[in-house]
Amino acid sequence: MNTSAPLRVLVLAVTPFMTEPRGIKQVMELRKHHDVTTAGIGPSPFPDLPHIEFSNPSESSPGLVSKLATAARHLFRMHRSALRHNPLLAEAHAKLAGGEWDIVVSNDLLGVPLANRVKSRYGVVADLHEYAPRQGENRMMWRLLIAPYFDWILRKEVAPKVVAATSVGQGILDEYERVYGIRGDLAVNATPWHDLEPLPVASPIRLVHSGLPAPARKLEVMIDAVLATHTNVTLDLYLMQNNKAYLEELKQRAGGDPRITFRDPVTYTELVTTLHGYDVGLSLIAPTTFNLEWCLPNKFFDFVQARLGVITGPSPEMVRYVNEYGFGEATDDFTAESLTAALDGLRPEKVSLWKQHSHLHANELSGERQAVVWSEVVERVVSGAEKRTD
């Protein structure tokens with residue numbers, strides 16, 4: 001980082017800051033070089049940094065009239081009115097009005113209209129995460145009410161106003177540029193560095209998957225493949241408890257087979273060390289939405305830090321990493337038959353080589369190394385602004 005003097009940087013979230021992994025990574029990286037202030041719902045995970053706390057809207061649920069009014073504004077495309085009548089944004093704007101920063105980093109699309117109204121010398125960097133206009137495209141009401149609002153924010157608040165943008169995958173960046181003309185930088189959801197060594201391959205070979213039990217991801221494919229494979233394997237599933245009906249369907253599908261075990265979820269701080277005891281992480285996610293098609297999920301990088309081999313579906317972003325770094329392979333398609341074929345081809349020596357390649361590249365693919373992009377973006381913005389004023 002070459003910027004001579006530390007900048008005053010505001011990292012802004014309109015979500016609970018304690019639950020924002022990307023916001024936390026941004027702060028951890030940017031504080032190495034700059035004077036960082038955080039702002040978001042609830043307390044900050046950085047007690048030594050200045051923090052501007054917003055009230056949690058979930059603690060004061062709006063009445064029916066307010067909900068209907070909000071829905072009507074979205075339905076009739078009254079987007080500016082929706083912004084003006086958002087109590088969280090009104091409170092946040094009031095609390096930020098007296099401050100002035102050199103640069104504002106908005107963690108997520110919804111914070112950009114607020115960030116644009118904060119005094120900043122060099123402007124706003126927008127972290128857009130996934131492809132926001134199609135985030136909930138599998139739900140009709142979301143497509144009807146929220147998608148047009150997100151599209152409006154991108155056209156009116158992001159494309160013409162922000163000085164830089166980041167997103168989680170190259171395919172998503174390409175779509176932002178194609179549709180909105182927003183040329184962004186890649187900031188993947190990499191996992192923090194863990195100082196681990198790859199363990200010997202077990203017998204049976206231990207497969208693992210962790211994450212959300214979301215029907216759109218078609219997790220039953222993994223269960224069906226394990227039930228069908230001729231290779232001596234086991235599969236442990238660490239799934240959140242947010243969709244108990246689907247979780248029960250998966251358990252019924254496994255039929256009590258002793259090779260398949262449903263484990264209680266562990267905290268994120270324990271996850272990589274828990275995964276370390278396995279051999280191969282399964283990261284098959286059916287492309288049932290645009291964002292799932294182009295996903296490059298946290299779990300993919302969790303597996304690398306745990307020094308595992310990785311089997312993915314033919315998801316373009318994951319295939320790119322698997323092929324470049326050699327720590328796994330991709331199936332031909334997203335069916336159970338294709339995964340079964342991959343499992344049938346597993347041998348201890350192949351898995352051991354994958355694990356060694358994960359170990360070889362774990363530092364390069366760690367969250368700390370990948371987060372440098374935010375410092376680079378800030379430096380580029382400042383350098384560009386100063387050159388224009390020379």
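The model is predicted, so local features need pLDDT of at least 70 and side-chain atom pairs count only at pLDDT 80 or more, while totals for chains, interfaces and linings use all residues. Residues are numbered from 1 along each chain as its sequence is written, and side-chain values use heavy atoms, with hydrogens and water left out.

**Salt bridges**

- The structure holds 19 salt bridges, each being a side-chain nitrogen of Lys or Arg within 4 Å of a carboxyl oxygen of Asp or Glu.
- Asp-279 pairs with Lys-355 in a salt bridge whose closest N and O atoms are 3.0 Å apart; because Asp-279 lies in the loop between α11 (268-275) and β13 (280-283) and Lys-355 in helix α16 (residues 348-361), the pair ties together parts that are 76 residues apart in sequence.
- Asp-279 counts as buried at 1% relative accessibility, and Lys-355 likewise counts as buried at 1% (buried means under 20% relative accessible area, exposed over 50%, partly exposed in between, with a 1.4 Å probe and protein chains only).
- Glu-317 and Arg-320 meet in a salt bridge of 2.4 Å, N to O; Glu-317 is buried at 1% relative accessibility, whereas Arg-320 is partly exposed at 38%.
- Arg-117, Glu-157 and Lys-161 are linked in a network of salt bridges.

**Nonpolar patch**

- Leu-75, Phe-76, Met-78, Met-140, Met-141 and Leu-144 form a nonpolar surface patch with about 610 Å² of accessible area together (residues with over 30% relative accessible area and no salt bridge, nonpolar side chains Val, Leu, Ile, Met, Phe, Trp and Tyr being joined within 5 Å and like charges within 9 Å; areas come from the Shrake-Rupley method with a 1.4 Å probe, and for residues only the protein chains shown count as cover).
- Helix α6 (residues 140-145) gives the most to this patch, with 3 residues (helices are DSSP runs of H or I with at least four residues, strands runs of E with at least two, numbered from the N terminus).
- Phe-76, placed in the loop between α2 (64-75) and α3 (79-84), counts as exposed at 58% relative accessibility.
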